[in-house]
Amino acid sequence: EALCYLLLPPESSSPPSLSADDFVNHFEKKADDIRSSFAKPNDTAGPAHTALPCALTSFSPLSPDEISRLVTAGRPTTCPLDPIPSSLLQTISGDLLPYLTSLINSSLTAGYVPSVFKRARVAPLLKKPTLDPSDINNYRPVSLLSFLSKTLERAGLGQLSCYLSQNDLLDPNQSGFKTGHSTETALLCVTEALRTAKANSLSSALILLDLSAAFDTVNHQILLSTLSELGISGAAHAWIASYLTGRSYQVAWRESVSAPRALTTGVPQGSVLGPLLFSLYTKSLGSVISSHGLSYHCYADDTELIFSFPPSDNQVANRISACLADISVWMTAHHLKLNLGKTELLFLPGKDCPFHDLAIT
């Protein structure tokens, strides 16, 4: 009987009381509540930044062979917005290659993303299988996007990533959405830093920051300003601006679909380009943390702070509190909300080091 349970676990029962409209209202209200607590970006303008010697002013057209590789290499995920199955599109892509090449290159060079590519179907996903499925707060929105729209995103992503890597503009302490990095490399990096501190008879405080609906509250004006500071301008900047604006989504739940809702902030979870844009949006947080002598590592919107110190340091709590205060100011300026209920601090005593009762504000 136990073996049958493991091989054929009971399906989680989805609550009949929840509807697509319930979810779309919940997701929209959650983002609206966070947005309403922040001032307009013009009221929180930061200091002027010096211009970079490098620049990305436009995206280059891709050859038909490059377009073909983009189409055929992508995982053939199909969403309700696709007119035909993605696997079928890949099979016949050779016959459609002139059209696909023209479509993608016209978008990249003109700095414009077609509105039909900016629609999403949102699937509510239970955050953990052990959570109560009848509680709407236990779901997160995941965007399902058309296959061709994600192909266009990959075309822009490749050139944007190349520019950022060549000019060393990516945060070295961000493991999310980066080639050769993963949750595993992030875990190893943090674990090794803590192990090294302990070997050197240092104690450590590990602080795990948690954000509320981080991807959904990214302010487009602040993001586009950040991209300008990184040397992205002209048609390349216009293309990303077009990608962000005019987006809409519908929630699909069971057999029903909600009415369309406009997206005025955020980057789509489940998109190709969104995660990289989020990483760039939060890149300046690293300098805030480092200015207080703390190290850090990030994976997407999860940030782990590490502060290692000798037994003689009696200013630990004050230094951590000062760092967290500046992080809070940075979060407010960037329209991100710290979830204090899920933010944690762990104390790891070093060898022969006394326990510190850290009263952190």
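Thr217 is buried, with a relative accessible area of 2%; buried means under 20% relative accessible area, exposed over 50% and partly exposed in between, with a 1.4 Å probe and protein chains only. The model is predicted, so local features need pLDDT of at least 70 and side-chain atom pairs count only at pLDDT 80 or more, while totals for chains, interfaces and linings use all residues. Residues are numbered from 1 along each chain as its sequence is written, and side-chain values use heavy atoms, with hydrogens and water left out.

Thr217 lies in the loop between strand S4 (211–212) and helix H8. Helices (H or I, at least four residues) and strands (E, at least two) are DSSP runs, numbered from the N terminus. Leaving aside neighbours within four places in sequence, Thr217 is in contact (heavy atoms within 4.5 Å) with residues including Ala31, Ile34, Thr265 and Leu336. His335 is also among these contacts. The backbone oxygen of His335 lies 3.3 Å from a polar atom of the Thr217 side chain.

Helix H8 spans residues 220–229. Asn219 caps the N-terminal end of H8. There, a side-chain oxygen lies 3.0 Å from the backbone nitrogen of Gln221. The buried residues of H8 are His220, Ile222, Leu223, Leu224, Thr226 and Leu227. Their cover includes helix H9 (234–244), strand S7 (261–263), helix H10 (274–281) and helix H12 (316–333). Just after H8, Gly231 takes a positive phi of about 90°.

H10 is mostly covered: 8 of its 8 residues are buried. Among them are Gly274, Pro275, Phe278 and Tyr281. The buried residues of H10 pack against helix H6 (147–166), H8, H9 and H12.

How values were computed:
A polar contact is a pair of N or O atoms within 3.5 Å; within protein, one must be able to donate a hydrogen and the other to accept it, and residues adjacent in sequence count only if both atoms are side-chain atoms.
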